[in-house]
Amino acid sequence: MLQRDADGAPTPDLKIRLSDYQPPAWRIASVELVFDLDIASTEVYARLELESASATPTPLRLDGEGLELIELRLDGKRLSPLGYRVEAHALELSDLPASCVLESRVRIHPQDNTALEGLYLSGSAERGFLLTQCEAQGFRHITWFLDRPDVLTRYSVELRAEAARFPVLLAGGNAVGSGTLADGRHWARFDDPHPKPSYLFALVAGRLECLSQPYTTADGRAVTLNLWAEADAIGQCHYALGALQRAMRWDERSYGRNYDLDMFHVVATHDFNMGAMENKGLNIFNAKYLLADADTTTDEGFRAVEGVIGHEYFHNWSGNRVTCRDWFQLSLKEGFTVFRDQSFSADMHSQALKRIEDVATLRRMQFPEDAGPLAHPVRPAEYAEINNFYTATVYEKGAELIRMLAARVGPEAFRRGTDAYFARHDGSAATVEDLLAALGEAAAVDLTPYLAWYAQAGTPRLSARCHHEPATRRYVLRLAQHTAPTSGQADKHPLPIPVKLALFARDGRMLPLRLAGEADAAGSERVLELTDAAAEFVFEDIDEAPIPSLLRGFSAPVILECALPPDDLALLLLHDADGFNRWEAGQHLASDAFRAAHAGAAQHAALAAWTGALGALFAQADFPDAALLAELLAPPAISELEALVEPHDPDAVDAARRRLEQALAQALGASALAARYTALHAAEQGAHDAPAQARRHLKRRVLELWALVDAPAALAAAEAQFAQAAGMSERLAALRVLLRHGDAGMRHAALAAFRARHGQQPLVMDTWFAVQAEVPGAAALDTLRALLGDTAFTLRNPNRVRAVLGTFARQNRTAFHRADGAGYALLVAQLQALDKLNPQTAAALAQAFNGWARLEPKRRALAESHLRALAATLGLSRNLADIVQRSLA
């Protein structure tokens, strides 16, 4: 039971703990819901068939938030207020029979629901439509219910509404009937044969257009795929429909999973707190991850649409058919499904590029999370507000843990294990232990040591020390691990860390690997598992000191510390066949060069090796992967470099990184950059296949570097590219260069032209806002204030908030961390206003303060004072208060 104060509200120090988990005292055998839909006021009838889980029934406590109770009946008899107790967040009934039927009727107000949890209005009252968002605890905003993931039941849903205002009525499951009511309204009924928790409930009602396609599953089921959007956007759904079919075929081939209903609906909305939601049979998408066409969507945007489409579809099994027992197991569905969508995207495009992108995201988002006050395990031990744990740790690090497990057991055993997991737990709520047990049994290995990864916060540091013994022809590799203390976890324990490695000779050859005690070499690449704090591994028959390529493919989510000399890293950058480790060698070189630049060194061996190796690769006309080359030409992200200097001054970090880019551009040379840009520009045909996307990726990076050494020529090329661009990738790449390097006239003209072309397209206007919010410099704060005052800006739309305030706080590091604290003051003021409208979005945005304690003393003091002022704000939501309190802890 929740702890509450005298008024029934949750106490500020409320904690839900994994150790306190108890199975539900009541089950819901089935639920019937009837919605009388209206934008201003909706009535919800619920009929729950209840069964006690024990011979002696305990009081029934149902969750509810903001519900106006109209009527309550038990086994057909209307209850008086003396027969139940209503608190601020719960309805309690006592002395119930072991089996009974509870009927309730409540009133809710979708138009007033700015938090976008439960049933709410998307768009204007005149033209918008109604929809739901129930994960994690939104269903309690709809009706009284056991709103927890381990209560699975079958849903029968009837929607009633005015036909003219709500011509389309959708809910999860199969459509089983529709018609006209006596009062002229229409109705539609849906039954879902698969038991599901309340967080997977969904409905949509309004004026929407449909793009439809038949599909036959691998097991012969005829399915109708329907993508729904408002009339002005339905033409942008064709790419998503193709991506959905590719995802379904991939899941059939890779996991043997087939779709299981007659229809699959996907709906686009511009008002959504998340990226998308996997509701059973009725996925609801943030329009950003569904609508796509060449004129409005970048190449990265197309890949994101495909990846998110895959992610939500894959949830049909890893999350829906098998759900999580409690919210502590959130990564069981999210980490597992992220791994599945990453694998799908890699198969559709470039394996190496996808791996680089995923690891870069992990380092940019999750590593700082692990290093700050918001650090938490993949499976946290406790939480105060579950919405605040939809984090990079749960998603991205969780996916890395599944990747480690898959590599540990091998592809065949992994498939056998996932088949067993889905079969064993179909229609039920599972735990992380359940998945590891199925995988371990399939491979006949004990995977329980990997549970420590789920319980321990922080990013392990893996140190590698090595030496060669010429006399014995032995190569000795010593690995050691250490994880720094995190909030609430002072003591850390060794974790099983798989280290995939190869050894390179000085001429670039990979050497055969034979460990001491083995009779024969076992190939040129292998995996070592470090299970203790430290261990030594000895390789035989090594004639000269080799160059180790460690953690190939990023085989574990750790920080590798290996002091290889610059020339060795340069050799890996030039020759390593593992695309990820080739990129990784460049990142290590750039990091070493950054440290020297940050310390004030004008020249350094690492800088010379980095620019020299990249110059050699850039000069290769036949370099096979243009997208990989583009990634090689970029130094680590600011957030990664900040982690190398503690405490850090964001201005100094930014200046040192800019010096790296300047040195690289000068090493490549203006003429070579101009020539490569010209060749890539001439090859541009507007195609969207992988090679065309790769060329545009490289062209964008070349233009950025060219602008650093010959701004007039690069700006002239950017202006021409902006004016002539056939698609958004080309247009946006040019716009960014014009905003960073152009004069006021160029910037104003480009922004005005962009808005004139795309002003009526919300998603593209989000981009228009974001590209300005990310530009650093003395005028950044004035630009941000102008954007906040723009008539097209609103705090009510999460996408617009993220485009302006999220971009500013997370990507414009020097502006947000201004030495006078003005960036902090601006964000805190916006958070106070936003929290009154949408606590989830406010809490997510406040996480930009994570890591404030690692700033240099002046900024650290300013950030802390603004955080404390925010914490003292009266009426702060539980969502935002949780983030602020944990940040200050």
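This is a short walk through a few spots in the structure above.

Okay, first some ground rules: we're looking at a predicted model, where local features need pLDDT of at least 70, side-chain atom pairs count only at pLDDT 80 or more, and totals for chains, interfaces and linings use all residues. Residues are numbered from 1 along each chain as its sequence is written, and side-chain values use heavy atoms, with hydrogens and water left out.

Let's start with E252. You'll find E252 in helix α1, residues 238–255; helices here are DSSP runs of H or I with at least four residues, strands are runs of E with at least two, and both are numbered from the N terminus. Is E252 buried or exposed? E252 counts as buried, because its relative accessibility is 11%; the cut-offs are under 20% for buried, over 50% for exposed and partly exposed in between, using a 1.4 Å probe and protein chains only. Leaving out neighbours within four places in sequence, E252 is in contact with Y215, T217, A218, R257 and N258, contact being heavy atoms within 4.5 Å. With Y215 there's also a side-chain polar contact of 3.1 Å. That term means a pair of N or O atoms within 3.5 Å; within protein, one must be able to donate a hydrogen and the other to accept it, and residues adjacent in sequence count only if both atoms are side-chain atoms.

Now over to A98, in the loop between β8 and β9 (99–108). A98 counts as partly exposed because its relative accessibility is 38%. Setting aside residues up to four places away in sequence, A98 touches W26, L50, E51, S52 and P57. From A98 to H866 it's 768 residues in sequence and 54 Å in space, C-alpha to C-alpha.

On to strands. Strands of a sheet pair through backbone hydrogen bonds, either parallel or antiparallel. Here, two strands pair if DSSP finds at least two bridges between them.

Last stop: β25, residues 461–469. How does β25 pair with β26 (residues 474–482)? They're antiparallel, over nine bridges. The two make a hairpin with four residues between them, and R473 in the turn has a positive phi of about 55 degrees. β25 also pairs in the parallel sense with β31 (residues 559–561), over three bridges. Look at L462: its bridge partner in β26 is Q481, and L462 stands opposite L560 in β31.
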